[in-house]
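Me: I have some questions about the terms used for this model. Please set each value against its definition.

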Amino acid sequence: MADGDVPDGSAMSKKEKVEYVLAHADEAFIARHKMKGQVKNLVKSLNAKQVDAAFDELVNGPARAAAAAAAAAAAAAVKAKGDAEAAKALAEQRAARAALKAEEDAAKAAAAARAEREEDSSWASRMAADKIAKLRAEREERARTAPAATSAAAAALAASAAIAESGLVGLPAESAQHVRSFLPPVDAIRFGMSCSRLRAAILLEPTGWEALEMRAVQPLPLRTDDALHALAALAQGSLRLLDCSGCPLLSRGMVAGVAQANAHSLHTLRAVGLSGGSAWSAEQLAALQTGCPALRELRADVWVDKLGDGVAASLLQRTGALAVAGLKVRNAGSADAAEAGQLASATPSLEYLVLEGSSSTALGVDGAVRFGATLAPAGGSAQASLTRLECPRAYMLDEGVCALTAALAELGSVQQLALASNTIRAPGARAIQSMCERETCALATLDVRYNEIGALGAPHIGALLRSNRSLTQLDLRFNGIDNFGIIALAEGLEHNRTLQTLDLTGNLCQIGGAERLGEALALNTTLRVLELDSNRLTAKGAVALANGLLKNKGLRKLTVGGNSVKEGAKKFASALQVNKTLEWLELGANGIDDDGCDELSWALAGSCMLTHLDLSRNDLTSGACEELADALRANSVIRSLDLATCRIGDDGAAMLADALSSNSALKSLDLTQNVMSPLFVQRTLSQLKARVRASFQRAPVMEGEGEEDEEATAIGN
């Protein structure tokens, strides 16, 4: 065998291999393999495996090392090429984004200049004395004519789509255009912008109208106390109709103040369902009637502590201006049940009834049976026109629920039913199913949270979902529903075509239930909101839900906070790059680390359509903020980002603050309960002012220093 040839180990004896190693290896190699000594002694002391290992390493080792080096070099070349291409693509993307932003800024500047010129020229004409005199003359003429005449200008405006977009219905067209020219964008009002520009318009041109309607199906940002005060001031004491029902941001005090300011002209006031979910007291309604002598119609809701004092009956049965649309009885007991049913049947104006119990006083089984029997008497026809019934903490148990649902099935008018905290189990769930399967059922909202429906009652609710065609909202929070029950609900959801909101917070959903829910999501096209906070979801459960999102075309909001999805966040990130409908995702308190946040950031930087992302109470540090900041620079959709109660420090928060200079879409950034220093907080607040609502908390301080949280509320145009 020549010196340069590679020996064939299979044809060599043990002795020949030892001789080859001693002849060709260096001292270190021989010492490492313990082969120092004479050949014959080594052949005896070493076994064949040891000799073969040393021989193989000596002969084939260099070739293996060369191959590994070549592979590493090839991989490095591929990575370098990929990095170069990615850097080039990112640079091109940033350049295109910068060019687009420059074009948008130029267009906005031109539009602002044009609007300012038009505004200056229009103000002069509106301030003309002859026009003001004409408006006053027209108002005086209307006052002399029939008080019940309807304003033609208000009717014309009701058909105006442009004004309807801002929630201003009932204004004369001329005044409406004037008001709209001073209103900031709706998004700005939604995030807290005041109506100072509207007040300035009022001072420049006093005018008036007869009707102001602020009610709509969905709460609009304009329907606040500030807006009502500014708009009502334009009426100049000549308002004849004020309708603000269903405005949860309006206070009763402001509505009463506007009514008093128009006391001698106001003949119609509708104020049902204002702020706080509470109602008017009997004293407040009496004061309204006394203080507004021209009032011909007053539609409101009222609360009383009990029915036995006769206050509710006198209010509900009173003829004249007052029409009670809602009655709330606090601490309603069994003794109130029959009278409540009689009042509901005898009061055509009554649309909703709340019989709220407490730990000491509740309807109970007997009260529920009596109320149902009075509401829909046996052998007679139900007369009540209730559309909403709430019996929270009534403790009516299954027997009471059976009696009540049988009466409601006969009534057929109830669209919203709330039976929270009534100890409902499987028999009660079966009774609810029977009611909802009636062809005359009009129920759209069902709230049975804080009961004990559990695994045995959930199949009845699942069967309800399969057959019912009216239900749009279902609240099953904290009902002890385990995997078996969740699977039954998912099977019903798979065939349902009307439900839009399903709340399963605080139940016991695990991997099996999550898999079935994921399959249902892949087929269902109508569900818009699914809430699964505080269940028992793990990473595998998150993967199952994310698989459903890959095929889902309808879901807008998904909440899975307070679980343990951890690595499952990466699967959600993959789904977000495919799903084009999900807008709201809550992943708070799920043990997500920086790697999971990075994956979500890459999804945000892509074609993700999320407008709200909650990553609060996770294991995130400043290391996650670099990718998140890059995502914010590339994203033009997200409006709210929650990173509260993590471990983000000054460096991470600074990256996010810097990214906001390239992001005009984000309106809310929550970094409370993190670890920023006081100096950083002060400096960053000044940078973010007037661009975004940002919430920070300073780093923890020693006990006794009295350091407080600091929050910025800066509003972006």
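Reply: About 80 Å³ of space lies in the largest cavity. The model is predicted: local features need pLDDT of at least 70, side-chain atom pairs count only at pLDDT 80 or more, and totals for chains, interfaces and linings use all residues. Residues are numbered from 1 along each chain as its sequence is written, and side-chain values use heavy atoms, without hydrogens and water.

Me: What makes this space a cavity?

Reply: On a 1 Å grid over the protein atoms alone, a cavity is a set of points where a 1.4 Å probe fits but cannot get out. The volume is the space filled by probe spheres set on the points, which are joined across faces, edges and corners. The whole structure has three cavities of 30 Å³ or more.

Me: Which residues line the largest cavity?

Reply: Among them are L408, M435, R438 and T440. A lining residue has an atom within 4 Å of a point. The lining has eight nonpolar, two polar and one charged residues. Ala, Val, Leu, Ile, Met, Phe, Trp, Tyr, Cys and Pro count as nonpolar, Asp, Glu, Lys and Arg as charged, and the others, Gly among them, as polar.

Note on methods:
On a 1 Å grid over the protein atoms alone, a cavity is a set of points where a 1.4 Å probe fits but cannot get out, and a pocket is an open set with protein on both sides within 12 Å along at least five of seven lines; lining residues have an atom within 4 Å of a point.
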